[in-house]
Amino acid sequence: MSPFFEALLLQAGYNAALVAIGAALLGFAAGSSGTFLFLRKRALVSDAVAHATLPGVGLAFIVMVSLGGDGRSLLGLLLGSALTAWIGLLTIEWITRRTRLAEDAAIGAVLGVFFGIGIVLLTVIQSMSAGRQAGLESFLLGSTAGMLFQDAVVIAVGGSLTVFATWLLRRPMTLVAFDGDYAAALGYDVRRIDLLMMGLVMAVTVIGLKLVGLILIVAMLIIPAVTARFWTERSGRVIWVAGAVGGLSGYLGAVLSASAPALPTGPIIVLVAAVLFVVSLLFAPGRGVLAAVLRHRSFQARVHRRQGLLALAAQHPIREAYTLRLLAREGLVRPDGVPTEAGRAQAAKVARDERRWDVAREIHQDAGLTGRYDGVTPIEEVFTADEITEFDRRLGPPTAVGGA
Amino acid sequence: MVAAQDGRIAQEPPPSDAALAVRGLTVSYGEKPAVFSVDATFPAKTMSAIIGPNGAGKSTLLKAALGVIPRLSGEILVFGKPIDQARDRIAYVPQRASVDWDFPTTVLDVVQMGLYRKVGLLGRLSGAMAARARDCLARVGMQDFAHRQIGQLSGGQQQRVFLARALAQDADLYLLDEPFAGVDAATERAIIDVLKTLQSEGKAVVAVHHDLSTVRDYFDHVFLINVRRIAEGPVATTFTAETLQATYGGRLAATHLDELAVAGGAQ
């Protein structure tokens with residue numbers, strides 16, 4: 001078996017299997033809990049939160065060493081990082097609420113200042129004589145070397161809790177992300193829900209620190225949700241698709257990095273997620289680029305068909321060869337351009353639809369709606385029955401298209 | 001001038017039978033009050049309009065009454081109770097422009113948001129609730145659009161969906177922010193039909209309204225505001241050239257005022 005398949009089937013050793021499972025769980029948790037931050041258009045808050053964990057790591061180390069330990073307790077380091085991340089979060093929230101600064105400025109300020117403090121602390125720690133400071137810098141970019149069973153347990157338990165909380169809070173979070181004013185009118189505490197939303201992201205960040213590092217964790221929170229958005233139009237499903245994308249990226253990334261020497265796990269996970277994103281961007285049905293190109297082609301064909309039928313209805317000759325080919329292929333005209341029986345019926349129908357659209361455009365000043373006129377969507381799909389009745393009332397009785 | 005009589009701080013005690021009573025409400029963005037020391041009383045079982053020029057604090061009054069934006073001072077009573085004890089009796093229809101219409105959600109999902117409070121965190125949206133949401137969609141003529149992504153709707157249809165969401169709450173007081181802004185004539189009629197039906201069922205409706213020419217046709221009660229309360233009362237006696245002049249100042253041409261007043265006299 002190649003190293004890749006060995007790793008894929010978790011046969012590449014205990015550590016590699018542990019990392020793959022841990023990365024998959026973390027990816028799932030990050031993808032699903034990052035969804036609402038993305039939908040709330042606050043994705044970059046997670047970047048500031050991640051950078052704000054660093055001073056906490058340094059402080060926790062210093063405190064633990066000064067208490068006589070070696071400063072390497074994972075739980076202690078994570079608690080410290082959670083503490084300063086939470087302070088960073090509250091700072092952003094406070095700046096945005098209490099000052100005239102916009103959220104992007106608050107994010108930039110908090111991210112930079114907290115990260116700076118963290119780097120200063122790490123530098124100070126390097127010069128300390130006590131404690132085992134080696135490896136602290138792995139919190140920056142993550143490290144899988146020497147991942148312990150307890151690390152996997154932290155990810156599994158913490159990740160499950162955040163996924164559960166995301167599921168539990170999905171309705172209030174959807175409401176706040178979609179329509180905050182309405183949520184407030186229903187009596188929800190929007191500020192508290194926002195803090196919960198960011199608190200979940202913070203929790204994932206903290207548990208993922210050791211594996212992917214604080215610089216790249218933002219990618220695991222955002223890319224899966226953005227990718228999932230290409231595949232569904234329902235927020236409830238975005239959560240689970242994002243979780244699946246994140247989990248798959250985590251697993252495949254860990255497997256890839258285990259199957260070749262000197263491939264860093266965190267960055268590879270992010271690159272796998274990026275590949276899934278690009279594939280979705282290009283090939284997703286509906287929102288993908290390819291689908292858009294195909295839609296344009298078929299739209300063009302429909303426009304030609306419509307124009308051809310309208311020409312038939314008006315008993316004008318069809319000039320464009322493409323139009324003629326389209327209509328002939330459907331048996332609506334003979335090759336010499338003379339309409340068939342079916343062609344005349346279709347032409348009459350289209351002519352009436354066209355007149356309804358004319359009325360619609362007169363009545364509706366709404367470009368978003370009349371802009372949906374594409375020459376083939378029957379008007380029934382765009383307007384409600386009472387609206388069409390109104391058009392017909394203005395239009396008068398149907399008229400037949402005269403024979404050729 | 002009406003404004004001169006009315007721009008005072010003293011508060012009348014709120015009548016206990018009003019659907020919505022606002023006393024001494026001040027809301028400020030920065031240090032410029034958008035709404036200043038306003039008393040407003042919206043009677044039960046009545047269609048009321050909040051009228052005033054742009055920037056007069058119409059939407060602000062509505063949002064502050066709901067607690068959507070914080071108030072500097074003031075008391076809000078809904079059917080005689082503090083608003084937090086009466087949340088389940090209020091339904092709100094925000095301005096259409098206030099949300100992102102590319103949000104991944106369907107028409108039916110949005111209507112079901114009106115049921116979230118009843119369902120709670122752990123509850124399931126039962127078949128009966130989905131049926132109720134569909135029923136509300138049918139009341140606004142949107143039953144065939146249940147599974148559309150909301151971004152594919154026209155402005156008028158979006159407004160109908162918002163109204164259906166409010167209907168799903170089965171409230172006693174409906175607060176609407178510019179429900180007719182940017183909608184087509186058919187939608188305007190559909191919305192007003194629904195609102196009149198609500199009124200006939202004994203519900204109260206309060207709408208921020210900008211089209212002075214339809215006030216007499218649609219509403220029974222008006223509240224005129226320009227940061228301060230200008231006037232309030234039944235349309236027949238309160239919606240006059242004089243109060244409009246006081247509300248809009250020079251922004252309404254004399255001919256326009258005459259037209260509105262004549263239209264009123266004719267009815």
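Across the interface of chain B and chain A, 13 residue pairs are in polar contact, with both residues at pLDDT 80 or more; a polar contact is a pair of N or O atoms within 3.5 Å, where within protein one must be able to donate a hydrogen and the other to accept it, and residues adjacent in sequence count only if both atoms are side-chain atoms. This is a predicted model, in which local features need pLDDT of at least 70, side-chain atom pairs count only at pLDDT 80 or more, and totals for chains, interfaces and linings use all residues. Residues are numbered from 1 along each chain as its sequence is written, chains are lettered from A in the order in which they are written, and side-chain values use heavy atoms, with hydrogens and water left out.

**First stop: the interface**

Select chain B and chain A together. Here 47 residues of chain B are in contact with 38 residues of chain A, contact being heavy atoms within 4.5 Å. The area buried between the two chains is about 3,600 Å², and carbon and sulfur atoms give 56% of that area; buried area is the accessible area (1.4 Å probe) that two parts lose on being put together, summed over both.

Next, select A:Asp179 and B:Arg165, whose side chains meet in a salt bridge at 2.7 Å, N to O. The count between chain B and chain A is nine salt bridges, each a side-chain nitrogen of Lys or Arg within 4 Å of a carboxyl oxygen of Asp or Glu.

On the side of chain B that touches chain A, helices H2 (58–66), H3 (107–113), H4 (116–119), H6 (155–168) and H7 (185–200) of chain B each supply at least two residues. Helices (H or I, at least four residues) and strands (E, at least two) are DSSP runs, numbered from the N terminus. H6(B) gives the largest share of this side, six residues.

**Second stop: the pockets**

A pocket is an open set of points on a 1 Å grid over the protein atoms alone, with protein on both sides within 12 Å along at least five of seven lines; a cavity is a set where a 1.4 Å probe fits but cannot get out, and lining residues have an atom within 4 Å of a point. Grid points are joined across faces, edges and corners, and a volume is the space filled by probe spheres set on the points.

The largest pocket holds about 1,400 Å³ of space. To find it, select A:Arg97, A:Arg191, B:Val68, B:Ile69 and B:Pro70, the closest to its centre of the 35 residues that line it. Two or more lining residues come from each of H5, helix H10 (180–186) and H11 of chain A, and from strand S1 (18–29) of chain B.

The second largest pocket holds about 520 Å³. Of its 20 lining residues, A:Arg170, A:Arg171, A:Arg234, A:Gly236 and B:Leu125 are the closest to its centre. H13(A) gives the largest share of this lining, five residues.

The structure holds two cavities of 30 Å³ or more. The largest cavity has a volume of about 100 Å³. Select A:Met147, A:Asp151, A:Ile155, A:Lys210 and A:Leu211, which lie nearest its centre among 13 lining residues. Helices H5 (74–98), H8 (149–168) and H11 (190–212) of chain A each give two or more residues to this lining.

Finally, the second largest cavity has a volume of about 40 Å³. Its lining includes A:Ala7, A:Leu10, A:Gln11, A:Val255 and A:Ala258. Helices H2 (14–39) and H13 (235–259) of chain A each contribute two or more residues to the lining of this cavity.
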